[in-house]
2 protein chains.
Amino acid sequence: MSGADNGLRPFFEPRGVAIIGARSSPGFGYGIPIRLKHLGWGERVYQVNPRGGELHGMPVYTDISQVPDPVDLAVVIVPGPAVPATLVGVGRRGIRHVIIETAGFAETGAEGRARQNELLAIAREYGLRVIGPNCVGVVNSDNKFTTSEVMAEALTPGRLAVIAQSGVFGHNLLDKYNEQGVYISKTVTLGNRLDVTENEVLDYLHHDAQTDMVSMYLEGAADGRRLVETLRRVTRDKPVLVLKSGRTPVGRAATASHTGSLSGEDRIYESMFAQTGAVRAGSVTDLVDLARVFLQPARPKGPRLGIVTGSGSMGALAADAAFSAGLVLPPLPERVRARVKEGAPGWMNAANPLDVGPSGQFPLAFRALMEDPDIDMVLSVVTTPYAVVQAMPQEYLSADRFLGEVEPIRALAKEKPLAICVLSHRKLVDLIKAAVPDIPVYTTPEPPVKALAALWRWQKQRTQAA
Amino acid sequence: MSGADNGLRPFFEPRGVAIIGARSSPGFGYGIPIRLKHLGWGERVYQVNPRGGELHGMPVYTDISQVPDPVDLAVVIVPGPAVPATLVGVGRRGIRHVIIETAGFAETGAEGRARQNELLAIAREYGLRVIGPNCVGVVNSDNKFTTSEVMAEALTPGRLAVIAQSGVFGHNLLDKYNEQGVYISKTVTLGNRLDVTENEVLDYLHHDAQTDMVSMYLEGAADGRRLVETLRRVTRDKPVLVLKSGRTPVGRAATASHTGSLSGEDRIYESMFAQTGAVRAGSVTDLVDLARVFLQPARPKGPRLGIVTGSGSMGALAADAAFSAGLVLPPLPERVRARVKEGAPGWMNAANPLDVGPSGQFPLAFRALMEDPDIDMVLSVVTTPYAVVQAMPQEYLSADRFLGEVEPIRALAKEKPLAICVLSHRKLVDLIKAAVPDIPVYTTPEPPVKALAALWRWQKQRTQAA
């Protein structure tokens, strides 16, 4: 199952896709065919609705049996009571991959669970692979294939894959990432996991050439033992971030009525993630903040963090966060010290964190830390007050002015993990983000430090395991 | 010292202010007089520089002794070696309040500490009250008085006061608050605390009619016992948020070389804050996130949180955060249940968190939770996907459409603490922020839950203490 293709490929790269439940009034059945047509899938989309006719300039087939070849994926958006018969039709038509977006199954209680078991029996009978029910399927930015209505930005190719149980959450997360300039390779929303689980998807993404890392939201494991095996295998090559809800009794009760998941005792998950090298996120914000540091190509050679800052307070807060997260702040290496003291005012204290204050030594100090072999990771904290940025003429505003020469820094960051924190006017944050698109930029000091520490822990664990 | 005016008033409301070190080249001595003139202080500003002449259309006095009445505050921006003589001149001129912005004293080590002690001796001799050195003084949005270069937004009147040891941090924090639509009554940056400490400033703000709460960044207490007494007194009436650096050995080393503070063992501070009812922030982000909930007028009557959401996952994550932070998620009150079930689709599970999904019941459910006497606080989580918002015609986009009628909700929120989380397109976030300017709006679910829990803990402690 963990080969280059474990049988899930048609979900992401169908030769043809039937949209069963296409319709002329608002809803998924209306929006998805339009979106696919816009994305160049028009000739590979087959709309199905008993009324027939035409929609969006494309034919509507009255029954799945009428749909011509090639078609290897069915997206089911019909009302709940019609799902079983639809599934039978799909099986008879010889289609083997199905995404059921319709909700109202196991997540609603015992009766719904019985209806879901009926679907499972049909799937078994026809040898179907099913994603869902109660989901919004997949997004593949590489070939611009999507089974849900997403923004254009969601189809910008990126290196991070997203797995979510819930459709709404999958969208929310995709959107949050895009907002931070993080783009996605593939998104999968699993819903009630009648058949396909996070384990198979993780295996698929493990061998997906477009994916460098995975971000996963889980309410409960489909199969705990298998998740351990899978995570252990995948995290050796690609980082997996996990946000797990149901950490507490009230959270567990909530997940049960949402996707019918059994969240289980949190300490079991905690040890599962720690054992396997999966990186646990503590919140939605964490999931975004952590990904940005992991998506850099650089991996730390050790735990030694160098901090350069224009504010002693921010330096102290970053130092606290680093120590708490298990990083080491070594004394400032002698080479760095010698470089920054030359031409520096007497009051400047050359330590680590390296608080350069308004000395003008920031670029020099930043470069020196990036170049020094005794520093494994760097946090660069720009703290120019908003009023100062606001007063600057536009032509004066350039990233080089604040960071020093950007190109050598970008080159060095390919080898040494770097995070930049800009505590300043939005104008300067955006300017620096645009100048260093490959380097994560934050607006407070603690999150990048925690992310760098998580990167080091992950790196250490996989190196020791190897 | 804790009367309506404990002698600090001239720092915030001077009748006249001397800027000693006014100059024609870039720097504080150049920018501050311009800023004060723009703000209508021209006739009350006296620039001092041995060169004399005129700057910005205002006279420059060659010596502080030449400055006419009324003048009751001196801002010192001269180079370090000139500070002692300047202080003597200020004392002789009969000015009793001084802000020393010049750096290079106790924060630089033993020699600097000796120079600072020299200043202290002069201050004692002339009975001076001194803020600083190594600070940027104060901002008072009420009378538009500032001793540093801040953005126009920083002078928008608000109800939160900011105390910071470091000037850069004070500015950064002020800017961060403004960015989130939180405006400030007074800002004080204390620097090395030669004389005036956080204790006296807290007492002053306690009785300041423009201030409802205080947000404080501290590297170490000037006087631990006195801070305990002061916090105990102040927090009974006004919440005090504290971000304390030097939590760890490396953070402590960093603060020592920054403002010369002795941070002390963190557990001592932890128990100090817990005892006194001060609210401890864990990060810069926290300091902003917490303030927004505390600035609402409503105080919780109990720990019972009601959650309404369009996403079961977000509901589960919020429930986990609530339980971890000590809040209670009661079963959905029967009255609320009856109201939301009417006309709702069968799949909708009427629980708490109340996940309404795409039922259209969001406004009704939100209103019912706000009105129910068995719910003490409400978190309302809007999860409309970005693509849906993006596709909506502009005229369709209104806060009422998403939240339900806004005015009754705003009225109810005056009595019951409410936080809104909008996991959606920036357009919708901004629209909702504008529609409910008095209600805190967040973009992820965990921070508002933590803030509501902190509000409840503070409220419980002061009620029990009373």
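**Loops and phi**

Analyst: B:Lys144 sits in the loop between β8 (138-140) and β9 (145-146) of chain B. Strands (E, at least two residues) and helices (H or I, at least four) are DSSP runs, numbered from the N terminus. The model is predicted, so local features need pLDDT of at least 70 and side-chain atom pairs pLDDT 80 or more, while totals for chains, interfaces and linings use all residues. Residues count from 1 along each chain as its sequence is written, chains are lettered from A and ligands numbered from 1 in the order written, and side-chain values use heavy atoms, without hydrogens or water.

User: What phi does B:Lys144 have?

Analyst: General idea: most residues other than glycine have a negative phi. B:Lys144 is not a glycine, yet its phi is positive, about 60°. In chain A, A:Lys144 has a positive phi of about 60° and is not a glycine either. A:Lys144 lies in the loop between β8 and β9 (145-146) of chain A.

User: Is B:Lys144 buried, partly exposed or exposed?

Analyst: Read the relative accessible area: under 20% is buried, over 50% is exposed, and in between is partly exposed (1.4 Å probe, protein chains only). B:Lys144 is at 27%, so it counts as partly exposed. A:Lys144 is partly exposed too, with a relative accessible area of 27%.

User: Which peptide bonds in chain A are cis?

Analyst: The background first: most peptide bonds are trans. One cis bond joins A:Asp69 and A:Pro70, with omega about -5°. A:Pro70 lies in the loop between β4 (58-61) and β5 (73-76) of chain A. Another cis bond runs from A:Gly132 to A:Pro133, with omega near -5°. A:Pro133 belongs to the loop between β7 (129-131) and β8 (138-140) of chain A.

User: Now helix faces. Which residues of α9 in chain A are buried?

Analyst: Helix α9 (residues 266-276) of chain A buries A:Asp266, A:Tyr269, A:Met272, A:Phe273 and A:Thr276. Look down the axis: these residues fall within an arc of 120°, so they line one face of α9(A). The arc is taken from the directions from the helix axis to the C-beta atoms. On the face turned away from the buried side, α9(A) carries the exposed residues A:Arg267 and A:Ala274.

User: What comes just after α9(A)?

Analyst: A:Gly277 follows, with a positive phi of about 85°. For chain B, the buried residues of α9 (residues 266-276) are B:Asp266, B:Tyr269, B:Met272, B:Phe273 and B:Thr276. They cover an arc of only 120° around the axis, so they sit on the same side of α9(B).

User: Which residues of α12(A) and α13(A) meet?

Analyst: Contact means heavy atoms within 4.5 Å. A:Val336, A:Arg339 and A:Val340 in α12(A) meet A:Leu364, A:Ala365, A:Arg367, A:Ala368, A:Leu369 and A:Glu371 in α13(A). By class, this contact has six nonpolar, no polar and three charged residues. Nonpolar covers Ala, Val, Leu, Ile, Met, Phe, Trp, Tyr, Cys and Pro; charged covers Asp, Glu, Lys and Arg; the others, Gly among them, are polar.

User: Are α3(B) and α4(B) roughly parallel or roughly antiparallel?

Analyst: Start with the angle. The axes of α3 (residues 83-92) and α4 (residues 110-126) of chain B come within 10 Å and cross at roughly 5°. α3(B) is therefore roughly parallel to α4(B). B:Val83, B:Pro84, B:Leu87, B:Val88, B:Gly91 and B:Arg92 in α3(B) meet B:Glu118, B:Leu119, B:Ile122 and B:Tyr126 in α4(B). That contact divides into seven nonpolar, one polar and two charged residues.

User: Last, a strand residue. What does B:Val48 contact beyond its sequence neighbours?

Analyst: B:Val48 lies in strand β2 (residues 45-48) of chain B. At 4% relative accessibility it counts as buried. Leaving aside neighbours within four places in sequence, the contacts of B:Val48 include B:Ile19, B:Ile20, B:Val60, B:Tyr61 and B:Val67. B:Val48 and B:Pro59 are 11 residues apart in sequence and 8.7 Å apart, C-alpha to C-alpha.

Technical notes
Axes are lines fitted to C-alpha atoms, for helices over the stretch in contact, and angles run from 0 to 180 degrees between N-to-C directions. Angles under 35 degrees count as roughly parallel, over 145 as roughly antiparallel, 65 to 115 as roughly perpendicular and the rest as oblique.
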